[in-house]
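This briefing concerns a single predicted model.

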Amino acid sequence: MEKSLLDQHEAFHKRKLAVPVIEKRKPKTEAGSQPPTKKKRPIPDFRNDRHNKNRGAISGHGGFNYKMFQGTSKNKFKILANIINFMRDRFKRGCNYSLTVDEILDETNMLDVSTANKAWLTNDALPNNPKITVEDGGYKYKPKFSIRGKKELLRLLDNHDQHGKGGILLDEVIDSLPHAEKKIEDLGDQVIIVTRPLDKKKVLFYNDKDCQLEIDEEFKKLWRSIAVDSIDENKIDEYLKKQGITSMQDSGVKKFTPVQKRRKGGKKRKIKQLLNEHVADQLKDYTEDNNGQ
């Protein structure tokens, strides 16, 4: 290695050793004593804070304050959904006497519901729910149809059929009549169950036997032998008119688009004749001079 490089290397080490180093000394402790420990910061208890805030939501002066309530709405409506399902299942079993909020929570094993949620259920959620009715200071399930037996169910289906309302969803009948499956089975061929192709829901219809007609098998064969799939509807309509048969027209409700009225134009601003009044003193009349010329 060259001498100049060695000299630079030694000079660098001398400068490095010349830099002062500050050493952090540990505090001296007496013999047998423990070194001082760092104080831990207290961890805030958010549960107590939230409990205090929720407790402030219910006051004797202002009643129940929804703005101060810190509970999540998701939890509240989950409690309400469990109560509605319990009341409906209880109605299906034939039990529909009224229960208080505490009795409902006891039956559903939801004993940890807060006081604020109880107040919400009592004052708002249950009284205003369309599937719950208030009776004798308690709450009970409110079915869509008021039917208590298979005779009333048959009368309801007949009424729907006579007024052109069609059938009733099987789920609505089950939710409105205790032990509905057994009673529908007892009705036999007096009712018809049809499955809707779109949503696969079952619909219950009244089977009006007075409308049943016996059709000859030869007529059925002739009817089914005529294929009209490849024929246009307009051609079918023309053919029926030539045979003197009037086809059924579409009697659906037609939507009429309202005629938009033209807005009346605004009042035209009057055009005023501009005069040079501001330079009237500077103008000169030359009519006399022109006449003289």
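Where pLDDT is low, the predicted coordinates should not be read in detail. The chain as a whole averages a pLDDT of 76, with 65% of the residues scoring at least 70.

**Basis of the values**

- The model is predicted: local features need pLDDT of at least 70 and side-chain atom pairs count only at pLDDT 80 or more, whereas totals for chains, interfaces and linings use all residues.
- Residues are numbered from 1 along each chain as its sequence is written, and side-chain values use heavy atoms, with hydrogens and water left out.

**Overall make-up**

- The chain has 11 helices and seven strands; these are DSSP runs numbered from the N terminus, with helices (H or I) of at least four residues and strands (E) of at least two.
- Of the 293 residues in the chain, 21% are buried, where buried means under 20% relative accessible area, exposed over 50% and partly exposed in between (1.4 Å probe, protein chains only).
- The accessible surface of the chain is about 26600 Å², and carbon and sulfur atoms account for 52% of that area; areas come from the Shrake-Rupley method with a 1.4 Å probe, and for residues only the protein chains shown count as cover.
- Taking contacts between residues at least 6 apart in sequence, 53% join residues at least 24 apart.

**Nonpolar surface patch**

- Leu213, Ile215, Phe219 and Trp223 form a nonpolar patch on the surface, together exposing about 530 Å² of accessible area.
- Patch members have over 30% relative accessible area and no salt bridge, and nonpolar side chains (Val, Leu, Ile, Met, Phe, Trp, Tyr) are joined within 5 Å, like charges within 9 Å.
- A salt bridge is a side-chain nitrogen of Lys or Arg within 4 Å of a carboxyl oxygen of Asp or Glu.
- Ile215 is located in the loop between strand S7 (202-206) and helix H9 (217-225), and counts as partly exposed because its relative accessibility is 46%.

- Arg90 belongs to helix H3 (residues 73-92) and counts as buried because its relative accessibility is 4%.
- Not counting residues up to four places away in sequence, Arg90 touches Cys95, Asn96, Tyr97 and Leu99.
- Between Arg90 and Pro178, 88 residues apart in sequence, the C-alpha to C-alpha distance is 9.2 Å.
- Lys151, in helix H6 (residues 150-162), counts as exposed because its relative accessibility is 66%.
- Lys151 and Leu187 are 36 residues apart in sequence, with their C-alpha atoms 8.8 Å apart in space.

Terms used: Contact means heavy atoms within 4.5 Å. pLDDT is the predictor's confidence in each residue, from 0 to 100.
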